[in-house]
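User: I would like to learn how to read a few features of a protein model. Can we take them one by one?

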Amino acid sequence: MGYKKPLEIKIQLTEKCNYDCTFCFNRQSSLSFSRELSFEDAKKIISTIASDGIEKVRFTGGEPLLYPKLSGLLSFAKKKGLYTMLNTNASLFDEKKAKKIGENTDNVLVSLHSLAIPKKVKFAVKALAKQGCFVRAATILTKENINQLEKFYSVVSSLPFSQWVLLRQIPNALDKSPVSYKDMQLAVEKIEFFNSQRKKKNHFLIENAVPFCCFEPKRVSKIALGGIHEDGHSSLFAGVDKVIKPSYFFDIKLGNATKDSFLDTWKSDFMIRMNSLEFIPEICHACPHILKCMAGSRFSAFLANKSLYGLDPLANSLFLPKALSEINK
């Protein structure tokens with residue numbers, strides 16, 4: 001089960017960020033917020049990605065635009081034949097930087113977690129889209145953002161975004177239950193309404209892992225991509241410390257990004273077990289959605305239960321497979 005190799009490698013260039021978002025996992029997990037990957041180490045990692053036959057590289061942070069030689073790395077990655085992706089809050093763009101970054105970036109994910117959108121962000125979105133970049137907006141489904149989702153929809157619709165990515169808020173050590181079942185129900189209902197106004201191919205989706213039983217599973221399955229972009233099911237993460245992990249959140253050391261092959265890492269015992277869906281609760285085995293839902297976020301389950309085999313904290317007993325079968329009797 002799963003992919004023979006990662007679809008993409010995420011490289012964290014820096015921990016530095018000019019924003020201070022309260023929900024940011026980086027703020028909970030880093031002691032310094034100031035470490036950076038050296039330019040030469042980043043190039044080594046990019047070269048390994050290309051030689052391993054992996055097609056995509058994504059540059060993340062912190063805020064990658066604070067990395068001094070970002071444009072050089074993007075250019076280097078393009079010369080290696082890679083599809084280049086960038087996660088950014090876009091607030092540091094000016095005309096020169098937008099042109100330089102846009103020349104070698106295929107896909108830009110712009111953080112849109114607040115309705116107070118700086119003019120520079122709006123400028124960047126328009127400038128990058130004009131250069132042919134596939135520009136996406138990303139919004140974290142916090143309680144506050146869910147309640148204001150209609151306003152976000154209006155903003156997204158007013159700018160030349162190619163896609164709107166909605167992201168379930170991942171729990172952290174300080175807040176293991178940042179959103180409730182009712183919050184997710186409201187989010188699902190609002191996303192369903194937005195999608196009813198759009199063509200199917202342009203539907204908005206929750207892109208990261210959320211258990212489909214957080215609400216009515218059939219409805220959630222239509223507006224959620226499932227677990228494929230979570231827990232290392234389709235990608236690996238290389239941090240500023242050069243450690244390869246299944247994802248940004250999982251502190252499980254799989255290798256050294258400047259020394260080890262990503263293909264070998266992908267075939268490690270832990271990744272084989274993860275991608276064979278070993279780490280799912282027994283009760284989820286009978287669920288018809290398991291191959292897509294993948295029992296939600298295994299990281300969130302581990303944080304809540306101290307076990308990879310635990311239930312995702314958003315799994316609602318009213319909609320678990322056992323409960324559904326009892327209701328249908």
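**Contacts, burial, cysteines and cores**

Analyst: Start with contacts, meaning heavy atoms within 4.5 Å. Not counting residues up to four places away in sequence, Tyr3 touches Ile228, His233, Ser234 and Trp266. This is a predicted model: local features need pLDDT of at least 70, side-chain atom pairs count only at pLDDT 80 or more, and totals for chains, interfaces and linings use all residues. Residues are numbered from 1 along each chain as its sequence is written, and side-chain values use heavy atoms, with hydrogens and water left out.

User: How far apart are Tyr3 and Trp266 in sequence and in space?

Analyst: They are 263 residues apart in sequence, yet 9.4 Å apart in space, C-alpha to C-alpha.

User: Is Tyr3 buried, partly exposed or exposed?

Analyst: Buried means under 20% relative accessible area, exposed over 50%, partly exposed in between (1.4 Å probe, protein chains only). Tyr3 counts as partly exposed because its relative accessibility is 37%.

User: How many disulfides does a search of the whole structure find?

Analyst: A disulfide is a covalent bond between the sulfur atoms of two cysteines. The cut-off is a pair of cysteine sulfur atoms within 2.5 Å. The search finds 0. Cys213 has its nearest cysteine sulfur, that of Cys284, 6.2 Å away. Cys213 is buried, at 11% relative accessibility.

User: Which residues have the most contacts inside the largest nonpolar core?

Analyst: A nonpolar core is a set of buried Ala, Val, Leu, Ile, Met, Phe, Trp, Tyr and Cys residues joined through side-chain atoms within 4.5 Å. The largest has 85 residues, and Ile11 and Phe59 have the most contacts inside it. Another core, of 6 residues, lies apart from it and includes Cys284.
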